[in-house]
Amino acid sequence: MKGLLLYEKAEIVRNQSFIDRLINAASTHGLSLTVVDDQGSIPETDFIFFRSRNPKLAKELVKRNIPMFNRAEVNEVANDKLKAIQLVQLQGIATVPTRKIATVAEIHEYPVVLKTIDGHGGQQVELVHTDEEATTFLNTFSENTIIAQQYIETNATDVRVFMLGEEVIGAVKRTGPTDSFKSNFTLGGTVEKYTLDAQQTKEVEKIAKALKSDYIGIDFLLLPDETWLFNEIEDPVGARSYFATTKKDIAVPIMEYIHTKLTKNERDEI
């Protein structure tokens, strides 16, 4: 079967190593992958591994009835932080207190974390301490929807859980630099392997089941008492921290999962 590996154009070079490993892992199952960017024409194909932050395109591709990993609804929810929070709250799982704001007058306590709903990688997010700082953020991102989140002291520590279907395939604890409240590995943070307890495993499985996702990352703030609060869902999710803590190639189980799903779809059509 022939598949497309769809990326934002700027991300193709940055992710070339992972792309190569996905192509190699796909070949072991008799699958071929061709890389395309999300700004060009999308040719006919048997399946798509959707690795772009582009909910609009994902929805358009649904009309072509092509098997897609992740499905369009996952991309939409993961790239809207408010929708992700609301989904998880509906599952009865504790989240970071969050609300949409449009003006500084709606902020009643500092410090507060301000974010655009569609930022990623630690971008378009700031910890602000004054009305002036908040005004600057709101003006800078005046075209975006903004959410305000209660600032919770975590020593810049969070947990990212890697999910393949409803199965946990790994988790990492990320700790940010001492001069930042952000824990992103790509921004200079450190990572270590993290083992979920039974309750945490139950919660992430519940989220993945509700979302009907294939391959995502789920991020939680890790509190000093080792409890956690849901923060965000990542689609597409990067795997650099997974490799750094396991030395395992995550492309292998991903393509095995996709092959299994495609094979099941074929059997169901017979």
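This is a predicted model: local features need pLDDT of at least 70, side-chain atom pairs count only at pLDDT 80 or more; totals for chains, interfaces and linings use all residues.
Helices, meaning DSSP runs of H or I with at least four residues, and strands, meaning DSSP runs of E with at least two, are numbered from the N terminus. Counted in that way, the protein has 9 helices and 13 strands. Its radius of gyration, taken over C-alpha atoms, is 19 Å, close to the 18 Å that the globule rule gives for 270 residues, so the protein is as compact as a globular protein of that length. The globule rule is 2.2 Å times the number of residues to the power 0.38.

Residues are numbered from 1 along each chain as its sequence is written, and side-chain values use heavy atoms, with hydrogens and water left out.

Let me continue with the overall picture. Along its principal axes, the C-alpha trace spans about 60 × 40 × 35 Å. The protein exposes about 13,400 Å², of which carbon and sulfur atoms supply 49%; accessible areas come from the Shrake-Rupley method with a 1.4 Å probe, and for residues only the protein chains shown count as cover. Buried residues make up 50% of the 270 residues, where buried means under 20% relative accessible area, exposed over 50%, and partly exposed in between (1.4 Å probe, protein chains only). A contact means heavy atoms within 4.5 Å. Among contacts with a separation of 6 or more, 61% are between residues 24 or more positions apart.

I turn now to the sheets. Two strands pair if DSSP finds at least two bridges between them. Strand 3, residues 47–51, runs parallel to strand 4 and is joined to strand 4 by 2 bridges. Ile-48 stands opposite Met-68 in strand 4.

Another open sheet has 5 strands in the order 11-10-9-12-13, and its pairing is antiparallel. Strand 11 (190–193) and strand 13 (228–234) are the edge strands, each pairing on one side only. From one strand to the next, the twist averages 30 degrees. Strand 12, residues 215–222, pairs with strand 13 in the antiparallel sense over 6 bridges. Phe-220 has Phe-230 in strand 13 as its bridge partner. Helix 7 (residues 198–211) lies across strand 9, strand 10 (167–175), strand 12 and strand 13, and runs at about 35 degrees to strand 13.

Finally, two individual residues. Leu-164 is in strand 9 (residues 157–164) and counts as buried because its relative accessibility is 8%. Leaving aside neighbours within four places in sequence, Leu-164 is in contact with Ile-169, Asp-214, Tyr-215, Pro-253, Ile-254 and Tyr-257. Thr-130 is in the loop between strand 7 (125–128) and helix 6 (131–140). At 34% relative accessibility, Thr-130 counts as partly exposed.

Conventions: Axes are lines fitted to C-alpha atoms, for helices over the stretch in contact, and angles run from 0 to 180 degrees between N-to-C directions.
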